[in-house]
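Here are some notes to read alongside the model, as one colleague to another. Please keep the sequence and the 3D view open as you go through the points.

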There are 2 protein chains.
Amino acid sequence: MTNYLTMEKQQLTQELAALQEQYQAFQAQGLKLDMSRGKPCKEQLDLSMDMLKINQVEDYIGDTGIDSRNYGYLEGMPEARRLFAQIMGVSPEEVMVGGNSSLNLMFNIVSLGFRYGFPESEKPWRDCEKRKFICPVPGYDRHFRVTEYFGFELVAVDMSETGPDMDQVEKLVQDPAVKGIWCVPTYSNPDGYCYSDQTVRRLAAMKTAASDFKIFWDDAYVVHFFGEKPDKVLNILDECRRCGNENRPVMFCSTSKITFPGAGVSSMAASKEMLDYILKNMFPMTISFDKMNQMRHVRFLKDLDGVVAHMKKHRAIILPKFETVLKALDEQVAPYGEIARWTRPRGGYFISLYTMPGCAKRTVQLCKDAGVVLTGAGAAYPYGKDPHDSNIRIAPTYPTVEELQKAMDLLCLSVRIATVEKLLAQ
Amino acid sequence: MTNYLTMEKQQLTQELAALQEQYQAFQAQGLKLDMSRGKPCKEQLDLSMDMLKINQVEDYIGDTGIDSRNYGYLEGMPEARRLFAQIMGVSPEEVMVGGNSSLNLMFNIVSLGFRYGFPESEKPWRDCEKRKFICPVPGYDRHFRVTEYFGFELVAVDMSETGPDMDQVEKLVQDPAVKGIWCVPTYSNPDGYCYSDQTVRRLAAMKTAASDFKIFWDDAYVVHFFGEKPDKVLNILDECRRCGNENRPVMFCSTSKITFPGAGVSSMAASKEMLDYILKNMFPMTISFDKMNQMRHVRFLKDLDGVVAHMKKHRAIILPKFETVLKALDEQVAPYGEIARWTRPRGGYFISLYTMPGCAKRTVQLCKDAGVVLTGAGAAYPYGKDPHDSNIRIAPTYPTVEELQKAMDLLCLSVRIATVEKLLAQ
């Protein structure tokens, strides 16, 4: 094999012609595959079907006699609060359990800040005209979208294997208009990185010019491990409390990728003062969340051990898919020189692929034209714009291994074509 | 029996002493009963337990192949949209199906108006400093609370047997700061009145100074009938369309009191343009609602006929309770002169009791002191203040008939005591 980076122009031209021939063969196959979102596959969904067999009245009555089938208990069923307290490593009094969407809880908290602010706010966020929000990149597009919708300027900081670049973050928070930061601390979306202890400690301890600076701590993948047990990220609420900043973080998680996406249970944790404030402001919003679904989850998953055991079943299904992606990249891209790099996550839902600058969009377009839809290049950046046009988010879970193999063959070929085109144009 | 209104003072004093003796006997019984909210009783909840037996994969796959267990389809499952279209009398394209709370949908629409306004808004509602909202009284406290939370002045208009006083409404909407009206058109909360055709037509046709005036049409009790079939209120969307005001109404309903309160399915209908605008603005808010619960409901209820058949089972449970309330009032209050009046609903969840002015709070307090918690007097009015201190909302569904009988004996006695005290103080 040859290193593209050291090839002569003529060789590159020949290579491109050969690659294009292969590409035309792909187009002829008429592939049709959507890998644009991190969706569980059918076999993963089937893992939780037994949860639907929970159908007796007594299943829906809590320990303390609460009938989950009726109105009330905005904060969630006590047993559901205990389950999520275990998952998030906090106490049940610091937890509320919501509906089917943790993104919706996050939206509600940003919306609350916008409308009224928080206990330590001088004024509502909406009255801070040039409000800004820190977005570690690459990150989760739907996070960024929420703050964009509420008129925040999205300020990118670089992600590394230990979390966001804390030098950049500590500098930014000296601006009182910077109101918060989006974090996916465990197996980050899309890199699959885990925040280091030092990152968590610096986030907790840093002085922020805004008294109402908030850390949105979305632990979406906290139990989504590929190894023997989950990686352990330091507890942000504990660390913030230690530094006298206990109202700073709001933690989120959900069972969307444990049981059913869109029919799971979401949860939120914060200091007692913050949680009381949040619940008080949730009162006008709804009578209560779906507590029957909470009970269904409690009966099915039982406790943290039950969750971890269940996640091992997911792992058995999806780990071969992650391995398929990595093997393809190792065998079909690596041999051509340092034309791309990719992450090797120990958990989560994605692999981040970084092409040479200026090649991501072209690569995604090539895949699309041959029938494989990837997440749009740039989607993991504020306003959908990757300044280097380099990052591609690979979501391996939904296709079958066979489909994924085909899609990866195409993706690897597309990376090579985009790279050679780029090198020829230089 | 004697008419209190024509009694001499001395007679009244004697009567009061006799009533107080009966009251003390009640206090000695140590009753403990919460009738504060319109909650279904256990037997009603049990009516829908068969819905939980829907647990096969194929039950959750829609006609068009959509797997309701996975992400996506913010607008709801097509079959759920068809079901709610039948219930609301609109077309499926005008319907979105949401999560467990229609109040939450209403909150979201007010929040959207506050944040951005609507297609026909000159500016967001939040930029209208003295914004106002029309609240037909008595009405639903949780409606009023939403608009209060968003800084609206709540403007009361009187309810009658045909709906809100339209002369008052038509006058109020000449103020461009008046942005909307709360309506419960069928079996209104708490009176149980149904809007007349003329009321609906005037609401649809009236000229409003605000281009973005909205009718919040909460048809919470549209199928909650006590007769042979539901009363039929004219369709507000049709009427508004006829008058060129098709973006004016937003219709809501839910299965909270059809299947499970807090674990039902909510829905919203509006003109295609409004619905598109709403869905576009819901996109940042969540990935999708709980479509598995939507499918569970579709499989269980099937269609409008199925819903009506199911509501007859509710009727069999709750109608005797409404009759118990009316019988008690007829036998234990009516004989003492025109000291109170009450509604005789043909459906819904409440009976409105109107005491002599200044007697409601005292009546509710007397009940509470003897162990029966009613909805707070005044709760059905903006800011919780009934200017006449006359209205009491009776929610008969939750207690057993025996408990209700006891509670009504106490309530009737309390009305008599409060009335006699009032007459003595005059």
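1. Buried here means under 20% relative accessible area, exposed over 50%, and partly exposed in between, using a 1.4 Å probe and protein chains only. By that rule, 63% of the 426 residues of chain A count as buried. This is a predicted model, in which local features need pLDDT of at least 70 and side-chain atom pairs count only at pLDDT 80 or more, while totals for chains, interfaces and linings use all residues; side-chain values use heavy atoms, with hydrogens and water left out. Residues are numbered from 1 along each chain as its sequence is written, and chains are lettered from A and ligands numbered from 1 in the order in which they are written.

2. Let us begin with the overall fold. Chain A has 13 helices and 13 strands; helices (H or I, at least four residues) and strands (E, at least two) are DSSP runs numbered from the N terminus. The radius of gyration of chain A is 23 Å, close to the 22 Å from the globule rule for 426 residues, so chain A is as compact as a globular protein of that length. That radius is taken over C-alpha atoms, and the rule is 2.2 Å times the number of residues to the power 0.38. Along its principal axes, the C-alpha trace of chain A spans about 75 × 55 × 35 Å. Of the contacts in chain A with a separation of 6 or more, 76% are between residues 24 or more positions apart, contact meaning heavy atoms within 4.5 Å.

3. Although 155 residues separate G347(A) and G192(A) in sequence, their C-alpha atoms are 6.4 Å apart. Beyond four places in sequence, the contacts of G347(A) are Y187(A), G192(A), H224(A), F225(A) and F226(A).

4. Now for the interface. Chain A puts 54 residues in contact with 54 residues of chain B. The two chains bury about 4,900 Å² between them, 56% of it on carbon and sulfur atoms; buried area is the accessible area (1.4 Å probe) that two parts lose on being put together, summed over both. R69(A), Y71(A) and Y149(A) supply 16% of the area that chain A buries against chain B, more than any other three residues.

5. Which charged pairs join the chains? There are 2 salt bridges between chain A and chain B, a salt bridge being a side-chain nitrogen of Lys or Arg within 4 Å of a carboxyl oxygen of Asp or Glu. In one salt bridge, the side chain of R69(A) meets that of D46(B) at 2.7 Å, N to O. A network of salt bridges also links K42(A), D46(A), D67(B) and R69(B).

6. Is S68(B) buried or exposed? S68(B) counts as buried, at 0% relative accessibility, and sits in the loop between helix 2 (42–46) and helix 3 (78–88) of chain B. A polar atom of its side chain lies 2.7 Å from the backbone oxygen of Y60(B). Not counting residues up to four places away in sequence, S68(B) touches Y60(B), M77(B), K291(B), M292(B) and M295(B).

7. Helix 3 of chain B is mostly covered, with 8 of its 11 residues buried. Among the buried ones are L83(B), F84(B) and I87(B). The partners that the buried residues of this helix pack against include strand 2 (95–97), helix 9 (272–282) and helix 11 (304–332) of chain B. Just after the helix, G89(B) takes a positive phi of about 70°.

8. A last pair is worth a look in chain B. D175(B) forms a salt bridge with K132(B), with the closest N and O atoms 2.7 Å apart. The pair links distant parts of the chain, 43 residues apart: D175(B) is in the loop between helix 6 (166–172) and strand 6 (178–183), and K132(B) is in strand 3 (residues 132–137). D175(B) counts as partly exposed, at 23% relative accessibility.

Note on methods: Polar contact = N/O pair within 3.5 Å; in protein donor to acceptor, adjacent residues only side chain to side chain.
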